[in-house]
Amino acid sequence: MSLIADQKVKLWYSPFACSFVPHVVLREAGIDVELILAQVGDMSEEFKRLNPKGRIPVLAIGDEIITEMSAILTAISFLAPEAHLLGRTSLETIRVYEWLNYLSTTAHAQSFASIWRTERFTHDVNLYPSIQSRGVENVRDVYALIEDKLSEGHSDYAVGHSFTVVDSFLILLYFWAGKIEVEMEFTYPRCTRYVKNSWERKSVAEARKIHMIV
Ligand SMILES: N[C@@H](CCC(=O)N[C@@H](CS)C(=O)NCC(=O)O)C(=O)O
């Protein structure tokens with residue numbers, strides 16, 4: 001596959017969902033994108049043919065259909081190398097992937113999913129409350145770690161000293177944690193300060209509007 005910057009780019013998204021992350025990154029990269037709604041909980045058969053995993057985000061660059069957060073963010077970043085959205089040095093890029101894997105797996109697919117998609121973790125509805133309360137504990141553990149990591153870099157950004165794909169992911173997860181009523185402001189002051197710094201950034205504000213993240 002060769003990524004050519006002038007191919008048509010499309011993003012399938014749903015409000016409140018993780019498609020917010022590539023949406024911010026597309027805006028950071030200055031790429032024109034066609035946004036297509038694929039509402040979580042009401043995805044069309046046509047969408048499921050496009051992505052048999054039944055998940056958003058999905059990105060199309062010309063005829064190439066790309067799924068999975070890390071792959072999508074990498075593809076967008078390759079379209080606009082001058083924006084350095086995967087970091088500015090090899091080590092920064094390594095750190096970006098270290099974050100992305102942690103956020104996609106431990107934070108999203110394990111912790112938040114066990115609260116919002118408990119049916120994927122057990123067939124026994126009697127176990128839901130126990131799995132969900134463990135999920136909230138897991139979210140707190142994730143945030144304790146993020147709080148520590150954000151203090152290491154002495155920067156307004158998660159990796160290096162400029163905006164990367166990681167920043168957009170962290171902004172989304174902060175919003176999600178608020179939705180499950182984890183107290184964020186006093187318990188995780190560095191995370192809070194960090195998210196507030198980027199909340200009104202142009203790319204973030206535009207993606208928040210479409211994704212209803214307010
Ligand atoms: N492994 C996928 C997971 C994406 C994912 O779980 N997306 C959620 C929205 S945040 C989704 O599409 N959920 C649909 C559903 O649960 O039915 C990735 O990292 O891109």
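**View 1. The ligand and the two domains in a predicted model.** In this model, which is predicted rather than determined by experiment, domain 1 (9-83) and domain 2 (90-206) both give residues to the shell around the ligand, so the ligand lies between them. The space that the ligand takes up is the largest pocket of the structure.

**View 2. The shell of residues around the ligand.** The ligand is surrounded by 14 residues, and the closest of these are Cys18, Ile56, Glu68, Arg117 and Arg120. When the residues of the shell are sorted by class, 8 of them are nonpolar, 2 are polar and 4 are charged.

View 3. In the side chain of Arg117, an N or O atom is 2.7 Å from an oxygen atom of the ligand, while a polar atom in the side chain of Arg120 lies 2.9 Å from an oxygen atom of the ligand. Met69 takes part through its backbone instead, with an N or O atom there that lies 3.0 Å from an oxygen atom of the ligand. Taken alone, the ligand would expose 510 Å², and the protein buries 82% of that area.

View 4. Rolling a probe the size of a water molecule over the atoms shows where empty space is left. The structure holds 1 cavity of 30 Å³ or more, and the volume of the largest cavity is about 30 Å³. Which residues line the largest cavity? Its lining is made up of Tyr143, Ile146, Leu150, Leu170, Tyr174, Cys191, Tyr194 and Val195.

How values were computed
Residues are numbered from 1 along each chain as its sequence is written. This is a predicted model: local features need pLDDT of at least 70, side-chain atom pairs count only at pLDDT 80 or more; totals for chains, interfaces and linings use all residues. Side-chain values use heavy atoms; hydrogens and water are left out. A residue is near a molecule or strand if one of its heavy atoms lies within 4 Å of it. A polar contact is a pair of N or O atoms within 3.5 Å; within protein, one must be able to donate a hydrogen and the other to accept it, and residues adjacent in sequence count only if both atoms are side-chain atoms. Accessible areas come from the Shrake-Rupley method with a 1.4 Å probe; for residues, only the protein chains shown count as cover. On a 1 Å grid over the protein atoms alone, a cavity is a set of points where a 1.4 Å probe fits but cannot get out, and a pocket is an open set with protein on both sides within 12 Å along at least five of seven lines; lining residues have an atom within 4 Å of a point. A molecule sits in a cavity or pocket if more than half of its atoms lie within 2 Å of its grid points. Ala, Val, Leu, Ile, Met, Phe, Trp, Tyr, Cys and Pro count as nonpolar, Asp, Glu, Lys and Arg as charged, and the others, Gly among them, as polar. Domain bounds come from an automatic or database domain assignment. Grid points are joined across faces, edges and corners, and a volume is the space filled by probe spheres set on the points.
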